Structures are given as structure tokens and as C-alpha cells.
Amino acid sequence: MNVLEIRNLRKSFGSGGRRVEVLGGVCLTVGEGEFVSLVGPSGSGKTTLLSLIGGLERPDSGEIMLAGKPASEGAGRAAYMPQQAALLPWRTVRGNIELALRIAGRDRAEAKRLADEGLRRLGLEAYARSYPHVLSGGMQQRVSFLRALLSPQPLMLLDEPFGALDALTRQRMQRWLLSLWEEERRSVLFVTHSIEEALLLSDRVLVLSASPAVVVRELQVPFARPRSAMLGSDPRFGELKESLYESLGSLEEGDMPL
Amino acid sequence: MDSRTIRWRALLPPVVVMAAFLLLWEAAVRLSGTEAWLLPAPSDIARDAWSARPRLAQHTGATLSLTLLGFAGGAAAGLLLGAVLHLLPLVRSGFYPLLVLSQNIPVIAIGPLLVIWFGFGLLPKLLLVMLVCFFPVCVAMLGGLQGADPGLERYMRMIGAGRWRRFLGLELPGALPQLFSGLKIAASYSVTSAVVAEWIGSDRGLGYFMLLSSKGFKTSLVFAGVALVVMLSLMLFAAVAGAEKLTLRWRPRKEDGR
């Protein structure tokens, strides 16, 4: 059974002559324990899509099914990790994790136990009582990921989680996420701008068109797991990368006004 | 060098300037032979204040209790209204202009009216101090609540935090730094507005005492009253600043700007 199934999702903003169709019938699925990446030109409605899946906004038409059932009203349907770590500055690392778990419905003792356990498992227990502002950007994102990982929802939405990091930290974070995910095998929908990142991490890569967005290409990533961080030097990796760049390139050109 | 020596060093310049100012004042009065009812020398003020100390203590106590009551009441009203205006957008758009308008009424004009309506008791004076303290607190509270980080707001909504949770978990703690700025302004206004209230209609307090002294050409006692008012103001300000420091321990410490 698919953890997430989206059928023909449409969404427009504005009204009258200013009406802009952002999503033009998006269909996609994320299977149990599957890592799916979503790449697309900027402004292709990826953020809107996440808002719809998360329950912040309602689609004009189409269906969102979570674990085979139509999604309930309201937000909180999926674990979420945004581009900025979104840690409350007045709560410690552990306090931030506990708050998210409390909002997800855990009681106080349970939230505390899970947070402590998670921090220990990821080797972050030394930061448990630190405030977020003393952590580096990469470390903040590790905490943010852990917080999403501990949330009880079966689906994780990761919205360009490494987009704001410098190149070196980003690479380190990708490897960290890769090895962690291969242990956990959670269902993930991963939004990114980076094709290499998508190929390295995902089971499948979906290419979105510019607005109105539809899924124009679906690529099954053939590399076996566990994957090595050296995957980038595999010639097949290079071929797939080229081919994805081409798909995206033709989309960007299509945007250009004549 | 430990931090204590640094603090003493920071204190030294204002103390030196203050002492020099008082010496200059003393010398100018003595050398020019100015009469004490016109401009008393600091030593005259100190001597007369000392001999009037039972009366001064009594009036200071009255002013202090009026100030504290008015400050507490005004701040509480400001906090509450700020929160209500934040949570109810329609009420906000309706009442905000009225709020600003209320601040354009001159205290010196409303004071006698309050006395006419409510008599010479505590109530009209209390209302006046509250009216002065209420506005900066309300505006700071509202601004702080409205200024919540949009990224954090989106995160909280995505993971399913309801209105009340977002208010208590994100907006209220985020508003505290700005709220304390408002409280500090209100604290420093509160003493002077209490004095004005006592000036307009009262039989006790430093305002009343200064009015009486100035009518009797006891200029030195007027100055003594002024000095006490300034000291009360500083004490109240320091108390609020201290509470701020205790509350906002999570804030990143600023580099010592010297």
C-alpha cells in the first residue's frame, strides 16, 4: 500500500484575469519505505504541493490519500523538515524535539523518553541542553531531521533541507542522511534543487514542469543499497545526471518568453 | 580582567561627570551669591531634605504605591488587550485607531476631568497612571506577537499546532523581548505620571509635596522631590530590566560592546 498517493491535484491562486494555475493535475505516489525526490525549476509549485499534502491548504480538485485513506481535514498529517531548521530559539534542542512530539500527540513522559533516546542514537546527546543559536547550520539541520524522524506520522516531507547550507556541509549532510535513512527506511518525499542529491539519496526521482506543474518524468534510480558516497564517480550516475539535466533544461527553456 | 572590574570601569565616567556637575553647581551658587529660594546649592538641598526626611519618606511611599499599582494595572491591561487584538484580526482593525487616538489626549487635560468624575480619592490618579502605562505595553505586545517568524509559523502549522498552541508556544515567547521594551518605557513614564496626577489633585505624594513646597518658595525641597522622583524612576526601570534578564536567558549573549 502506498503511504502517499496523489491523484490529479490542481490548485490555483488569485482570481479573474490574475488567476495563476500552480498545480495542473499532479499525480504521484510514495510507497512504504520509499525515498522519492521531487525536482523542478524554481517556481514550479513544490512548496504549494507540500502545503497541500501537509494540510495547510485545500486543493481545488484531486485527491490526497494517506495510507490508502483520503487525508483528514487539517494539518499535522506528515512529519516535516523545512529548509530553515525552524527551531524555537528559546527552547533547548531537547525542548524543541519534545514540543514537536507533544504536538503530535505524545504525552510528556513519552516525548522526553523518545527525545533522549533519539539524541543518543544519533550521537547528539551532548547538544541536548544547548540552545539552537550555538549550533552550526549543519548541526541545526541534524536536530531538525531527528525531530521529523521521531514524529509518529508514517510520511516525512523534507523541503530542500540542505538548500541553505554551504557546499561542503551539504555534502556531509547528504552522506549522513543516506546512511541514517538506509537504517530507518521511512517513507520520504524529498524536495530539492540538486539533481546529484536526488540521485544519491532516492529510489525514484520525479521531475516537475514549470507552472502549472505536472510530473513530466519519472526515473527509477537503479543503484543498489546500501549506497556508497562514491556513487558520484559511477559512469551510470553521470549518464542519469546528464539526462535529468536535459529534462530540466528543456523545461527552463520552455519558460522563456519569445 | 574579570567582569566585575569591567562593570566598575563602565560606571566611572558617569559618576565623574555627575560629581563635576554638582561641584560646579555648588561653586556657581556660592560665588554668585544667589539666594536659596531662587536656586539652592546642592548642599542646601541635602541639608533641607535631611531635616524634612519624615515627611519626604511619607510622600515618597504614597507616590511609590500609586506608581506600582498604576504600572501593574496599566501593564496588565496592555498585555491583555495586545493579546486580544492579535488573536482577533477584525477587532484589531476596528480598535487600533482608537488606541492611537487615546494616546493623543493630553494627560494634563484629562487629569482634572478624572478628578471631576471620580473625586479626590485614589481612583482618578490610578486611572491616569494606568492610561499612560497601558499604551506602550499594548503596542509592544501586539507588535511582538505579530512579528513571529513566518518560517517558524509555517513549521508549527505543518506539524499540526492549533491556534492556541501557536500562540503559547511560538508567538508569546517570541513577543517577550519587544514586550520588555514596552514595559521599560511604561516603567519610566509611570513615576512622572503619578507625580502629575498628584499635582492635579491630591493631598499626599511627591507631586503634592513639590507643589506645596514651590508655592511656599521652599525651592530646596522641590529639588529634593525631583531627586526622589528620578531615583524612583531609575529603581523601577532597573527592576524591569532585571526581570527581563532573568526571563530572556535563552537569548544569544551580545559581544561586550566597549
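I began with Q178(B), which is partly exposed at a relative accessible area of 39%. For this I took buried as under 20% relative accessible area, exposed as over 50% and partly exposed as in between, with a 1.4 Å probe and protein chains only. The model is predicted, so local features need pLDDT of at least 70 and side-chain atom pairs count only at pLDDT 80 or more, while totals for chains, interfaces and linings use all residues. Residues are numbered from 1 along each chain as its sequence is written, chains are lettered from A and ligands numbered from 1 in the order in which they are written, and side-chain values use heavy atoms, without hydrogens and water.

**Q178(B), continued**

I placed Q178(B) in helix α8 of chain B. Helices (H or I, at least four residues) and strands (E, at least two) are DSSP runs, numbered from the N terminus. Leaving out residues up to four places away in sequence, I found that Q178(B) touches A140(B), G143(B) and G144(B); contact means heavy atoms within 4.5 Å. I also looked up L145(B), which is 33 residues from Q178(B) in sequence and 8.9 Å away in space, C-alpha to C-alpha.

**Helix pair in chain B**

I then took α3(B) (residues 53-87) and α10(B) (residues 219-247), which pack at about 40 degrees with axes 11 Å apart. Axes are lines fitted to C-alpha atoms, for helices over the stretch in contact, and angles run from 0 to 180 degrees between N-to-C directions. On the α3(B) side the contact residues include L56(B), T60(B), L64(B) and F71(B), and on the α10(B) side they include L221(B), L228(B) and V240(B). By class I noted ten nonpolar, three polar and one charged residues in this contact. Ala, Val, Leu, Ile, Met, Phe, Trp, Tyr, Cys and Pro count as nonpolar, Asp, Glu, Lys and Arg as charged, and the others, Gly among them, as polar.

I checked the span of α10(B): its 29 residues reach 42 Å from first C-alpha to last, close to the 42 Å expected at 1.5 Å a residue. The expected span is 1.5 Å times one less than the number of residues. Among the buried residues of α10(B) are T219(B), G225(B), L232(B), L236(B) and E244(B). Their cover includes α2 (42-51), α3, α8 (163-200) and α9 (206-215) of chain B.

**Backbone entries**

I looked up F217(B), in the loop between α9 and α10 of chain B. F217(B) has a positive phi of about 55 degrees without being a glycine, and is exposed at a relative accessible area of 56%. In chain A, A86(A) has phi near 55 degrees, again positive in a residue other than glycine. A86(A) sits in the loop between β6 (79-81) and α2 (93-103) of chain A and counts as buried at 10% relative accessibility. The peptide bond from R225(A) to P226(A) is cis, with omega near -5 degrees. P226(A) is in the loop between β10 (215-220) and α7 (235-255) of chain A.

**Sheet in chain A**

Last, I traced an open antiparallel sheet of four strands in chain A, ordered β2-β1-β4-β5. Two strands pair if DSSP finds at least two bridges between them. The edge strands, β2 (20-31) and β5 (69-70) of chain A, each pair on one side only.
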